[in-house]
Amino acid sequence: MDMAMHFDRPDVVSSSHTGRLILTASDPHVSPHVPLLIEALAEVGFIGERLSDAGGDAFRTGPMFLSLVAFTGCAVQIRSNPDGRGAFCHVRVSSSFRHPHLLHGRNTRAPRCRECRHRLVDWRERLGHWATHPHAGVTCPNCRETRPPWLWDWKQQGGFGRFFVQVEEIFPGEATPTHTLIDVLTRASGTGWRHFYVQE
Ligand SMILES: [Zn+2]
């Protein structure tokens with residue numbers, strides 16, 4: 001079933017990944033009880049049936065999807081079936097990571113120091129170290145403040161978490177979670193939520 005109309009997107013190369021909307025707990029150390037969260041998302045109609053061929057916990061968008069995610073502008077292309085033209089919109093629920101894990105992509109820019117706004121330009125060179133040293137602090141080259149990498153300002157172009165709900169395919173900024181959706185996630189997990197975008 002097509003949930004919205006097709007239209008042309010001349011700014012997007014069809015072979016590249018459009019992007020995904022990512023929802024995660026505001027506190028990057030928190031991971032919710034995944035089965036409870038899936039149940040809550042199904043109950044409100046955010047997710048539909050499980051996609052058996054997609055691997056892991058992937059779901060079709062549910063009947064209330066378009067009222068739980070607010071699309072901005074006219075450049076919206078949503079399809080809930082994998083066949084045919086255009087991006088196939090579906091929802092993936094990750095398993096829990098042991099430590100805060102960074103999701104990043106080609107849209108991710110150098111994070112800024114929350115104190116002095118200095119950019120951490122060599123962040124990509126630090127990824128390996130962060131992955132193997134989950135408690136590593138990062139000292140700002142400018143103001144010398146030291147804080148974990150998740151306390152740098154990544155904007156909505158990447159971020160840390162232990163668990164992610166990922167909506168494919170969403171161009172960064174094209175869609176935002178509604179208060180109702182954030183409410184559902186908060187009630188199902190007992191913790192606040194935020195969102196960002198990643199393009200592979
Ligand atoms: Zn600084």
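Visitor: Which residues have the most contacts inside the largest nonpolar core?
Guide: Keep in mind that this is a predicted model. The residues with the most contacts there are Leu 41, Phe 46, Val 165, Val 167, Leu 181 and Trp 193, in a core of 27 residues.

Visitor: And which elements give two or more residues to this core?
Guide: On the helix side you have α1 (34-43), α2 (65-68) and α4 (179-189). The strands are β1 (20-25), β5 (90-93), β10 (165-168) and β12 (193-198). The top contributor is α1, with five residues.

Visitor: What does Phe 46 touch?
Guide: Leaving aside residues up to four places away in sequence, its contacts include Leu 41, Phe 65, Leu 68, Val 91, Val 165, Val 167 and Leu 181. Arg 60, Thr 61 and Gly 62 are also among them. Apart from that core lies another one, of 13 residues, including Leu 102, Ala 110, Ala 136 and Trp 152.

Visitor: OK, metal time. What coordinates the zinc ion?
Guide: Four SG atoms, from Cys 113, Cys 116, Cys 140 and Cys 143, at 2.3 to 2.4 Å. The site is tetrahedral, with angles of 104 to 117 degrees among the donor atoms.

Visitor: How are the donor residues spaced in sequence?
Guide: As C-x2-C-x23-C-x2-C. Cys 113 sits in the loop between β6 (101-103) and α3 (123-132), and Cys 140 in the loop between β7 (138-139) and β8 (146-147), 27 residues apart, so this pair links distant parts of the chain.

Visitor: Is Cys 113 buried or exposed?
Guide: Buried, because its relative accessible area is 0%. Cys 140 is buried too, at 0%.

Notes:
Residues are numbered from 1 along each chain as its sequence is written. This is a predicted model: local features need pLDDT of at least 70, side-chain atom pairs count only at pLDDT 80 or more; totals for chains, interfaces and linings use all residues. Side-chain values use heavy atoms; hydrogens and water are left out. Donors are N, O and S atoms within 2.8 Å of the metal (3.2 Å for Na, K and Ca); water is not among the atoms, so sites may look incomplete. Four donors count as tetrahedral if all angles lie between 85 and 135 degrees; four count as square planar and six as octahedral if opposite donors are over 155 degrees apart and all others between 65 and 115; anything else is irregular. Helices (H or I, at least four residues) and strands (E, at least two) are DSSP runs, numbered from the N terminus. Buried means under 20% relative accessible area, exposed over 50%, partly exposed in between (1.4 Å probe, protein chains only). A nonpolar core is a set of buried Ala, Val, Leu, Ile, Met, Phe, Trp, Tyr and Cys residues joined through side-chain atoms within 4.5 Å. Contact means heavy atoms within 4.5 Å.
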